[in-house]
Amino acid sequence: MTKVKNICCIGAGYVGGPTMAVIAQKNPEIKVTVVDINEKRIAAWNDQNLDNIPIYEPGLSDVVKEARGRNLFFSTEVDAAIDDAEMIFISVNTPTKAYGIGKGMAADLKYIELCARQIARVSKTDKIVVEKSTLPVRTAEALKNILDNTGNGVNYQILSNPEFLAEGTAIDDLHNPDRILIGGNVDTEEGKEAMEALVDVYASWVPKEQILTTNVWSSELSKLTANAFLAQRVSSINAMSELCEHTGADVNEISKAIGMDSRIGSKFLNASVGFGGSCFQKDILNLVYIAKSFGLNEVADYWEQVIIMNDYQKRRFAANIVKTLFNTVSGKKIALLGWAFKKDTNDTRESAAIYVADYLLNEQAEIVVYDPKVTEEQIYADLDYLGTRTELENRQLVTVVKDPYLTCDKAHAIAILTEWGEFKDFDWANIYDKMLKPAFLFDGRNILNSKIKEKIGFQFRAIGV
């Protein structure tokens, strides 16, 4: 087996950037080039001020600092990087289709196809092509058809290597993964050699017993399945949170009780305003579409209910704010603390905050937002994307503030929508004194403990309770 010396990753986003940075850190003898056609993003990755790299992830700047310029490079020269590489990772966006067959459910693979055609056009030597993006099962077959029939007679091996990273802990997840999953053609020697080449890259820091090799279809479907199972747990506990409200039970006590069951475990059992991020909703909808395409309607309905419950929880949380504020928020200032979909990331994709804000804006509330890592530009872009109002209206109704205390000043209510740790350390008594009375706090992430709740003076609500 020939050891890989040059790796190219197409896509400098939330997966490609951190993953390649760690691969370069742990394999100083391998040249790793991350390419993207977005010149602004590549410039940010190359910024001498590491605080300006485009992705906020604890520990990422230290990894980039160690490897960048040594064996980690960021470039817009896509063709040159493809030509040089023996192994090419595809890590581009695969959003839910917004048009045509499968609209609203199926994954949009146009960027994957464009990458495949570019690889086929440029390549003059044999390549190992690695699917890093989250893809529907059997996508490798489509990639293989494009590469084999539109190229220069080059031999390709297609591998699936899905990521299992949680934003906010991605660097730790990369340094200490539960498992690395590599799928390939297990029926040919060439396929086995390609898989072994990728195993060798990860084995420089991951114990080999934690590197699983499967056929390519199992690898592709495992990623969708993992996200579906995790999202299912979130929606399950959120469904129970409403039942708790009607029965007098405490959802936090229930979460603790069932989480101590070793068969269930405690992770992803925190009741909240709902899950967000780029993976869970997109992957479940993709799974629903695949099931429907095989006529498995009951299977599709089962998984779709997870999404329905999640959407309902966001609407219910926002509706509870309106109800608590005497059934009207028109002209009232509502402070939103947090816009990212979770703490320790600047990613806002499918964040619950977007939809809670949209609901309240429909009720003519005046929204003021604070998030320590999300830019004003991104917050407005998220609201503009919904298309509910004009861009001008969004800017008139929503104010983005970089001082959390100013955000809450003279507010009728506060809603915590991201579990940033700094919120626990706020001078809540001081904030309460500056708010309009009666003042309400809605802890949509349930991060404030009982001692804080006793001191702050708010009429307190958690998860809509």
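What follows is a working chat about the predicted model shown above.

Student: What kind of model is this, and how are residues numbered?
Tutor: This is a predicted model, in which local features need pLDDT of at least 70, side-chain atom pairs count only at pLDDT 80 or more, and totals for chains, interfaces and linings use all residues. Residues are numbered from 1 along each chain as its sequence is written, and side-chain values use heavy atoms, with hydrogens and water left out.

Student: Start with β12. Which way do its side chains point?
Tutor: In strand β12 (residues 413-416), A413 and A415 point one way, while I414 and I416 point the other way. All of these are buried, meaning under 20% relative accessible area; exposed is over 50% and partly exposed lies in between (1.4 Å probe, protein chains only). Strands are DSSP runs of E with at least two residues, helices are runs of H or I with at least four, and both are numbered from the N terminus.

Student: Which strands pair with β12?
Tutor: Strand β9 (residues 333-337) pairs with β12 in the parallel sense over four bridges, and L336 stands opposite A415. Strand β13 (residues 440-443) also runs parallel to β12, joined by four bridges. Pairing here requires that DSSP finds at least two bridges between two strands.

Student: Which residue in β13 is the partner of I414?
Tutor: The bridge partner of I414 is L441. Between β12 and β13 the chain crosses through helix α17 (residues 428-434), a right-handed β-α-β crossover. Right-handed means that, with the strands pointing away from the viewer, the path from the first strand over the helix to the second runs clockwise.

Student: New topic. How many salt bridges?
Tutor: The count is 20 salt bridges, each being a side-chain nitrogen of Lys or Arg within 4 Å of a carboxyl oxygen of Asp or Glu. One of them joins K144 and D148 at 3.5 Å, N to O.

Student: Where do K144 and D148 sit in the helix?
Tutor: They are four residues apart in helix α6 (residues 139-150), so about one helical turn separates them. K144 is partly exposed at 27% relative accessible area, and D148 is partly exposed at 40%.

Student: What about R395?
Tutor: R395 meets D384 in a salt bridge at 2.8 Å, N to O. That pair links distant parts of the chain, with R395 in helix α15 (residues 391-397) and D384 in helix α14 (residues 376-386), eleven residues apart. R395 is partly exposed at 36% relative accessibility, whereas D384 is buried at 18%.

Student: Which residues share salt-bridge partners in a network?
Tutor: K3, E29 and D200 are joined into one network.

Student: Last one. Which residues form the nonpolar patch on the surface?
Tutor: F294, L296 and V299, with about 300 Å² of accessible area together. Areas come from the Shrake-Rupley method with a 1.4 Å probe, and for residues only the protein chains shown count as cover. Patch members have over 30% relative accessible area and no salt bridge; nonpolar side chains (Val, Leu, Ile, Met, Phe, Trp, Tyr) are joined within 5 Å, like charges within 9 Å.

Student: Where is L296?
Tutor: L296 lies in the loop between α11 (280-293) and α12 (297-324), and at 41% relative accessibility L296 is partly exposed.
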